[in-house]
Amino acid sequence: MREEIARLMSLQTIDRQLHELGQSLSSVAGRVEQLRGEIETSQAELDRLTREDQQTTAARSQLERELADGEAQIRNKRMRLNLVRNDKELQALGHEVESLKEHNQRLEAEVLASMQAAEPRAPRIKELAELIEGKRAELKAAEKEIAAEVEELKMSIQRQRVERDREAASIDDALLQRYEMIFSRRGGLAVAVAKSCTCQGCRMRLPPQLYNEIQKHLQIHFCPNCQRILYYEG
Ligand SMILES: [Zn+2]
C-alpha cells in the first residue's frame with residue numbers, strides 16, 4: 001500500500017503542476033483578451049461619435065444653405081422695397097422681410113446649437129483615436145511577447161500529460177477515480193498526511209484506531225471528515 005500511496009502522491013504533484021500550468025496559460029491569454037476587449041469598446045464609441053459627427057455636419061450644412069438662401073431672399077425683397085411706391089405693397093413686403101428675418105434667426109440659433117453640441121465630440125474623437133492606436137501597438141507587442149510563452153506552456157502541459165498518463169496507468173481504476181473526484185472537489189489536495197492523529201487536509205482529529213491502521217499501511221484509508229486519502233509519513 002505504501003507504493004500505491006506513493007504513486008498517488010506523485011500523481012497529485014503532476015496534477016497540481018498541470019493545474020498551475022493551465023492557470024498560467026489562461027492568465028497569459030487573458031491579458032491579450034482584455035486588451036482586445038478594450039480596443040473593441042473604444043472602437044465602438046469612436047464609430048458612434050464619428051457617425052454622429054458626420055450626421056450633424058451634414059445637417060448643419062443644410063441649415064447653412066437654408067440660411068444663405070434666406071439672406072438672399074431678404075436682399076432681394078429689400079431691393080424691391082426701394083422700387084415699390086404702393087403703400088399696401090410696401091407693407092406686405094415689409095412683413096415678408098420681417099418674417100424671413102425671424103426664420104433666419106431661428107436657423108442661426110439651430111446652427112449655433114449644433115456647433116455647441118459638436119464641441120466636446122471633436123476632442124473625444126481625437127482622444128479615442130489615439131487611445132486605440134496606443135492599445136493596438138500594445139496588443140501587437142503583447143501577442144508577440146506571449147506567443148513564445150504560450151508555446152512553452154503548451155509544451156510543458158503536453159509533457160506533463162504524458163507523464164500523468166503513465167503514472168495513472170499503474171494505479172487501480174477505482175482508486176484513481178476516487179482520487180480524481182476528491183482532487184477536483186477538495187481544491188487539488190486528494191492525498192493528505194495523517195500526522196499527530198490529525199488529518200492535515202481538514203485538520204480534524206482522527207479516531208486513534210484509524211490512526212493506528214493508517215500507520216500499518218495495510219490498506220488505503222480515507223479521512224472520515226473530508227474523504228481525502230490519508231497517508232502516514234514515517
Ligand atoms: Zn480530512
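**Reading salt bridges and a zinc site**

Q: Which side chain meets that of arginine 124 in a salt bridge?
A: Side chains of opposite charge can pair when their charged atoms come close. Here arginine 124 and glutamate 45 form a salt bridge, 2.9 Å from N to O (a Lys or Arg side-chain nitrogen within 4 Å of an Asp or Glu carboxyl oxygen). The pair links distant parts of the chain, 79 residues apart: arginine 124 in helix 3 (residues 121-169) and glutamate 45 in helix 1 (residues 2-83). Helices are DSSP runs of H or I, at least four residues, and strands are E runs of at least two, numbered from the N terminus.

The model is predicted, with pLDDT of at least 70 required for local features and 80 or more for side-chain atom pairs, while totals for chains, interfaces and linings use all residues. Numbering starts from 1 along each chain as its sequence is written, and side-chain values use heavy atoms, without hydrogens and water.

Q: Is arginine 121 buried or exposed?
A: Arginine 121 is buried at 9% relative accessible area (buried is under 20%, exposed over 50%, partly exposed in between; 1.4 Å probe, protein chains only). Its salt bridge with glutamate 52 spans 3.2 Å, N to O. Arg48, Glu52, Asp53 and Arg121 are linked in a salt-bridge network.

Q: Which residues are the protein donors of the zinc ion?
A: Donors are N, O and S atoms within 2.8 Å of the metal (3.2 Å for Na, K and Ca). The SG atoms of Cys199, Cys202, Cys223 and Cys226 lie 2.2 to 2.3 Å from the zinc ion.

Q: Why is the arrangement tetrahedral?
A: The 4 donor atoms subtend angles of 106 to 113° around the zinc ion, which makes the arrangement tetrahedral (four donors, all angles between 85 and 135 degrees).

How values were computed
Four donors count as tetrahedral if all angles lie between 85 and 135 degrees; four count as square planar and six as octahedral if opposite donors are over 155 degrees apart and all others between 65 and 115; anything else is irregular.
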